[in-house]
Amino acid sequence: MSKPRILIARAVFPEVLQRLAQHFEVQANPQDEIWTPQQLLAHLADKDGALTTGSERIDRSLLAACPRLRIVANMAVGYNNFDVDAMTGAGVQGTNTPDVLTETTADFGFALLMATARRVTESEHFLRAGRWSKWSYDMFAGAEVHGTRLGIIGMGRIGQGIARRGAHGFGMEVVYHNRSRLAPALEAECKARYVSKEELLRTADHVVLVLPYTAASHHTIGAAELAQMKPTATLVNIARGGIVDDAALAQALRERRIAAAGLDVFEGEPQVHPGLLEVPNVVLTPHIASATVGTRLAMANLAADNLIAFFGGRGPLTPINAPAARPVAS
Ligand code: GLV
């Protein structure tokens, strides 16, 4: 019997490629080209499965042109690049990579919060530019982190990891807002108190965004929400571009309506709103919250495991939908 054909849409670890090649007829993208939707369609049209990242959009028109496609395994926990309803309707399984990145991503959320509050990159730029001629009492004086109030919007696994770090490691008072409240035992473990979004924005010293991107979460933080925040507050976004209105944020930072922001994700990334590049009180990183070698390898292997289990008839390990089986195209 011939092996299923799969497309690996972006460059991955060679060992993961080798594993996949034992099970599948693989088309890879070793040059790591970013394909246009038309190019992606051309590569995917004759494939049974695919391994994607957040840069490939799987939508209704693509699915209609890929009659053999039965599974798309995203190497990310977020899957806003998938039209899940269209996939389910077309009988295409989707999978993501939860759990393996939780602690690493929570570490990074905290790193970005620390760097933002304590002005790490701003002061480094100053030093590198040769401008450090003397110490002074208020040089790069930033915001306190320990013992302050941490507000987390989006209290899934990563949000809970950030809450634990804040409460247990830094003695912070943690408040959170989420679509649904956590079970009391989990709230106690995270030492986190549920509040309204308004109360969180009004009272938190540091606001961290860790919610999924959906139509409902688009611009969760815009000009009105920024105006509610304390002028001394920091804002950290490790969730998705589009959750923050980047133009409104650039303006708020320029006018010092909030103290600072740390951003790992951007609207329209890898483009970054020019206003954000102009202000000093923002720490900018290129979507690297899960980027340790161990975690990225675990994510790639989990995406591969999903493909192997699915085509081995065992069902995917981390499904995001439950489609009826797609008739096998010849
Ligand atoms: C990264 O952003 C992910 O969703 O895993």
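## A pocket and its lining

On a 1 Å grid over the protein atoms alone, a pocket is an open set of points where a 1.4 Å probe fits, with protein on both sides within 12 Å along at least five of seven lines; lining residues have an atom within 4 Å of a point. This is a predicted model, in which local features need pLDDT of at least 70, side-chain atom pairs count only at pLDDT 80 or more, and totals for chains, interfaces and linings use all residues. Residues are numbered from 1 along each chain as its sequence is written, and side-chain values use heavy atoms, without hydrogens and water.

Twelve residues line the second largest pocket. Nearest its centre are S2, K3, P4, D48 and R68. The pocket holds about 270 Å³ of space. Its lining has six charged, five nonpolar and one polar residue.

## Helices α5 and α7

Helix α5 spans residues 102–117, and helix α7 spans 157–170. Their axes come within 8 Å and cross at roughly 55°. The crossing of α5 past α7 is right-handed.

Contact here means heavy atoms within 4.5 Å. From α5 come T102, E103, T105, A106, D107, G109, F110 and M114. They meet R157, I158, G161, I162, R165, G166 and F170 of α7. By class, this contact has six nonpolar, five polar and four charged residues.

## Helices α1 and α13

Helix α1 (residues 14–23) packs against helix α13 (residues 293–311) at about 5°. Their axes lie 10 Å apart. That angle makes α1 roughly parallel to α13.

On the α1 side, the contact residues are E15, V16, R19, L20 and H23. On the α13 side they are L297, A300, N301, A304, D305, L307 and I308. The contact has seven nonpolar, two polar and three charged residues.

## Backbone details in two loops

E269 and P270 are joined by a cis peptide bond, with omega about 10°. P270 sits in the loop between β11 (260–263) and α12 (274–278). Helices (H or I, at least four residues) and strands (E, at least two) are DSSP runs, numbered from the N terminus.

D32 is not a glycine, yet has a positive phi of about 55°. Its place is the loop between β2 (25–27) and α2 (37–44).

How values were computed:
Axes fitted to C-alpha atoms, helices over the stretch in contact; angles between N-to-C directions. Left-handed = near helix turned anticlockwise from the far one by under 90°. Nonpolar A, V, L, I, M, F, W, Y, C, P; charged D, E, K, R; others polar. Points joined across faces, edges and corners; volume = space filled by probe spheres on them. Parallel < 35°, antiparallel > 145°, perpendicular 65-115°, else oblique.
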